[in-house]
Amino acid sequence: METYEIKMKVPRELLMNLNKPLEDVEKDIREQAAIRYYKKRILSLGKSSALAGLTRFEFIDLLRYNGEPIFHYSADELAEINKDSDQLEKILNGI
């Protein structure tokens with residue numbers, strides 16, 4: 001996979017207020033960007049976990065730790081899932 005380097009300018013006093021090593025700040029920014037892109041459905045779970053530098057399971061844990069839902073379904077999507085589930089149940093029960 002081809003990669004690109006992205007540079008950011010951050011005020012020194014801001015970094016001093018964070019009181020963290022630069023590597024930790026970079027990791028935090030990557031993780032928060034990945035969460036945001038996942039939450040807005042810009043990136044999939046797999047792509048978001050790659051952006052965060054985590055496995056899918058680690059990213060799911062990160063979502064949970066940050067109080068974010070793992071799955072985002074609209075009301076219409078949930079209704080369709082429930083309908084499909086009801087149909088499957090009828091098939092399995094021979095109704």
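## Burial and overall shape

Of the 95 residues in the protein chain, 16% are buried, meaning under 20% relative accessible area with a 1.4 Å probe and protein chains only. The model is predicted, with local features needing pLDDT of at least 70 and side-chain atom pairs pLDDT 80 or more, while totals for chains, interfaces and linings use all residues. Residues are numbered from 1 along each chain as its sequence is written, and side-chain values use heavy atoms, without hydrogens or water.

The C-alpha trace spans about 65 × 30 × 20 Å along its principal axes. Its radius of gyration, taken over C-alpha atoms, is 19 Å, whereas a compact globule of 95 residues would have one near 12 Å; that globule rule is 2.2 Å times the number of residues to the power 0.38.

## The helices

## A look at helix 3

Helix 3 covers residues 45-52, and Gly46, Ser48, Ser49 and Ala52 are buried there. These residues sit on the same side of helix 3 because they cover an arc of only 165° around the axis, judged by the directions from the helix axis to the C-beta atoms.

Helix 2 (22-39) and helix 4 (56-65) are included in what covers the buried residues of helix 3. Just after helix 3 comes Gly53, with a positive phi of about 75°.

How values were computed:
Buried means under 20% relative accessible area, exposed over 50%, partly exposed in between (1.4 Å probe, protein chains only). Helices (H or I, at least four residues) and strands (E, at least two) are DSSP runs, numbered from the N terminus. Contact means heavy atoms within 4.5 Å.
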